[in-house]
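Hi everyone, thanks for coming. I'd like to walk you through one protein model today, so please have a look at the screen.

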Amino acid sequence: MRPQTFGDVTIHRILEIEGPFTRPDAVFPNATPKALEPDMHWLINHAICADTGKLILPIQSYVVQTPDHTILIDTCVGCGKTDDFPDWNNRDDDTWLRNLRAAGFAVEDIDFVFCTHLHSDHTGWNTRLLDGRWVPTFPNAKYILSRVEVANAEAKGSNTYKQNVAPILEAGQAQLVETDFALNDMIHLSPTPGHTAGHVCVHIHSNGHHGVMIGDAMHSPIQLAHPDWSMIFDDDMELAAKTRQSLLDSLCETKTMVFTAHLPSPSAGRVTAHPDRPFDFKYVEKD
Ligand SMILES: [Zn+2]
């Protein structure tokens, strides 16, 4: 995705990983080869890798540059983190940090970090290892985190919480907020529970334009055809399906620019209607 400008805002995509992830039916219980068959003609290379049959799934962040602030949305997997998912465990790859710099941003430039939720692929670069301790990567940032999300993550006590969230709280850089929090007239959150209880979308308004970061409310273009198909990583699969359906309904055939966490590159675009399925996605131009 090229940087997208609307109103007084420019949005940069910062990619960490993009590649074949898993077979669709390994993570979407409904996505059996038979159930996918009618849609394979458009899913191939658009959602599913032709060579491997696996989902194409990027891990990425967005940087929102407003006249007043530089805001980072989600922070990918990071380096050196202990993670249950083997591909993300103890990564030694600073591609994301280099891509952030290439987009023109130093870690000191980030004023606010928002996490749509606190899973390991959305919080990794929240921290980095310094002299054997996890410290905030962005020394000047306030990290805006959903209060309920933090409480649930703390109760689980996962490595992700210990490595990516607790050090932010200890450093005094966290601001715990409700899921409808507004930073100012430009940036606000909306609750989108299901994937996790405290999952939020991040909305950007500027001069009559609207953009939204939808995090893990949707994971794959497969869900444009089947918005009711939830992923095994959705904490409440039924609620996630309801949230996704109403989110897609609210975005369909509007001018809202949608920035997805996991749809294949270029990952951003608009939700449209389609004669053969509930929704379609008109991507912005590729890089
Ligand atoms: Zn995710």
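This is a predicted model: local features need pLDDT of at least 70, side-chain atom pairs count only at pLDDT 80 or more; totals for chains, interfaces and linings use all residues.

Residues are numbered from 1 along each chain as its sequence is written, and side-chain values use heavy atoms, with hydrogens and water left out.

Okay, the overall picture. The protein has eight helices and 15 strands. How compact is the protein for its 287 residues? Its radius of gyration is 18 Å, close to the 19 Å from the globule rule, so it is as compact as a globular protein of that length. That radius is taken over C-alpha atoms, and the rule is 2.2 Å times the number of residues to the power 0.38. The C-alpha atoms fill a box of roughly 55 × 45 × 35 Å along the principal axes.

Buried residues make up 56% of the 287. Here buried means under 20% relative accessible area, exposed means over 50%, and partly exposed is in between, with a 1.4 Å probe and protein chains only. The accessible surface comes to about 12,200 Å², and 49% of that belongs to carbon and sulfur atoms. Those areas come from the Shrake-Rupley method with a 1.4 Å probe, and for residues only the protein chains shown count as cover.

What about contacts, meaning heavy atoms within 4.5 Å? Of the contacts with a separation of 6 or more, 65% are between residues 24 or more positions apart.

On to the cores. A nonpolar core is a set of buried Ala, Val, Leu, Ile, Met, Phe, Trp, Tyr and Cys residues joined through side-chain atoms within 4.5 Å. The largest one here has 42 residues, and Trp96, Leu100, Val113, Phe138 and Ile222 have the most contacts inside it. Several elements give two or more residues to this core, including strand S3 (56-65), helix H4 (95-102), helix H6 (159-170) and helix H7 (222-225). H6 gives the most, with four residues. There's also a second, separate core of 24 residues, and it includes Val9, Ile144, Ile204 and Ala268.

Which residues does Ile222 touch, if we leave aside neighbours within four places in sequence? Among them are Pro24, Leu36, Leu43 and Trp229.

Let's zoom in on H4. Thr95, Trp96, Leu97 and Leu100 are buried there. Their cover includes strand S2 (9-20), S3, strand S4 (70-73) and strand S6 (127-130). Just after H4, Gly104 takes a positive phi of about 105°.

Next, Val177, in strand S9 (residues 174-177). Is Val177 buried or exposed? Val177 is buried, because its relative accessible area is 4%. Ile144 sits 33 residues away from Val177 in sequence, yet their C-alpha atoms are 6.8 Å apart. Beyond four places in sequence, Val177 touches Ile144, Leu145, Ser146, Arg147 and Leu189.

Compare that with Arg2, in the segment before strand S1 (4-6). Arg2 has a relative accessible area of 42%, so it's partly exposed.

Last stop: some backbone details in the loops. Where's the cis peptide bond? A cis bond joins Ser265 and Pro266, with omega about 10°, and Pro266 is in the loop between strand S13 (257-259) and strand S14 (268-272).

Then there's Asp131, which isn't a glycine but has a positive phi of about 50°. Asp131 lies in the loop between S6 and strand S7 (133-136), and it counts as exposed because its relative accessibility is 79%. Glu253 also has a positive phi, near 60°, in a residue other than glycine. Glu253 lies in the loop between H8 and S13, and at 55% relative accessibility it counts as exposed.

That's my tour, so over to you for questions.

Note on methods:
Contact means heavy atoms within 4.5 Å.
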